[in-house]
Amino acid sequence: MTDPVTAAAQSELPGKPTSASRTTLSHIMTHSDTNLLGTVHGGVIMKLVDDAAGAVAGRHSEGPAVTASMDEMVFLEPVRIGDLVHVKAQVNWTGRTSMEVGVRVLAERWNESTPATQVGTAYLVFAAVDSEGRPRAVPPVLPHTERDRRRYQEAQIRRTHRLARRRAIRELREKRTAEGLLDD
Ligand SMILES: CC(C)(COP(=O)(O)OP(=O)(O)OC[C@H]1O[C@@H](n2cnc3c(N)ncnc32)[C@H](O)[C@@H]1OP(=O)(O)O)[C@@H](O)C(=O)NCCC(=O)NCCS
């Protein structure tokens, strides 16, 4: 695994601290956000997560960035009408042209001073793109706190697993095709 200092030394662009692009998006949930059970639709939360993560990826990479993948979207608690939802996002890790953005979703009653509870988490990969939609280099992220360094290391583990999973599935498909096994 490459540590962030080595990654920054190898990059063609100067590094940027995690704190430079960390962002919170807040939104009050209303009747138009509900599912058939009367709680907030998961897709509404996922849109906020993608919006917050996209803002972070754009700020960090200083230009357009597109969602390449979203994994480990976890819903811990239902979100209700009247909840003030805070979506906190930051760049956890950077590759050459991609970034992993980690997101925490918190909810509190809009009109009460009780503490917010964590209701979800997600990890998204964004690719920075140029005006033609081609991947472009991103500044290496420089984690400064122990928490950010832990998130960097955990993101590297997820990256390794993502690549291994994609490779294993591609190899299986190639093997099945070579054996003449075609999908129905
Ligand atoms: C994401 C996209 C730019 C990647 O383009 P590509 O030609 O496959 O380019 P690459 O293979 O060089 O990948 C670019 C980077 O993205 C990463 N990446 C690509 N697909 C990925 C995936 N499914 N999951 C995680 N990372 C991915 C690569 O690892 C690479 O990162 P690195 O440079 O840090 O190593 C391209 O697939 C795309 O435009 N997708 C549509 C994005 C979009 O419209 N999103 C909104 C959805 S509605």
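Glu72 lies in strand E3, where strands (E, at least two residues) and helices (H or I, at least four) are DSSP runs numbered from the N terminus. This is a predicted model, in which local features need pLDDT of at least 70, side-chain atom pairs count only at pLDDT 80 or more, and totals for chains, interfaces and linings use all residues. Residues are numbered from 1 along each chain as its sequence is written.

Colleague: What is the phi of Glu72, and is Glu72 buried or exposed?

Modeller: Most residues other than glycine have a negative phi. Glu72 is not a glycine, yet its phi is positive, at about 55°. A residue is buried if 20 or more other C-beta atoms, placed from the backbone, lie within 10 Å of its own, exposed if 12 or fewer, and partly exposed in between. Glu72 has 11 such atoms within 10 Å and is therefore exposed.

Colleague: Where is Glu62 placed?

Modeller: Glu62 also is a residue other than glycine with a positive phi, near 60°. With 14 other C-beta atoms within 10 Å, Glu62 is partly exposed. Its place is the loop between helix H2 (42-61) and strand E3 (65-75).

Colleague: Which residue in E4 stands opposite Ser26?

Modeller: Strand E2 (residues 23-28) pairs with E4 in the antiparallel sense over six bridges; pairing requires that DSSP find at least two bridges between two strands. The residue opposite Ser26 is His86.

Colleague: How many residues lie between E4 and E5 in their hairpin?

Modeller: E4 and strand E5 (residues 98-109) pair in the antiparallel sense over eleven bridges. Within this pairing, Gln90 stands opposite Gly102. The number of residues between the two strands of the hairpin is three.
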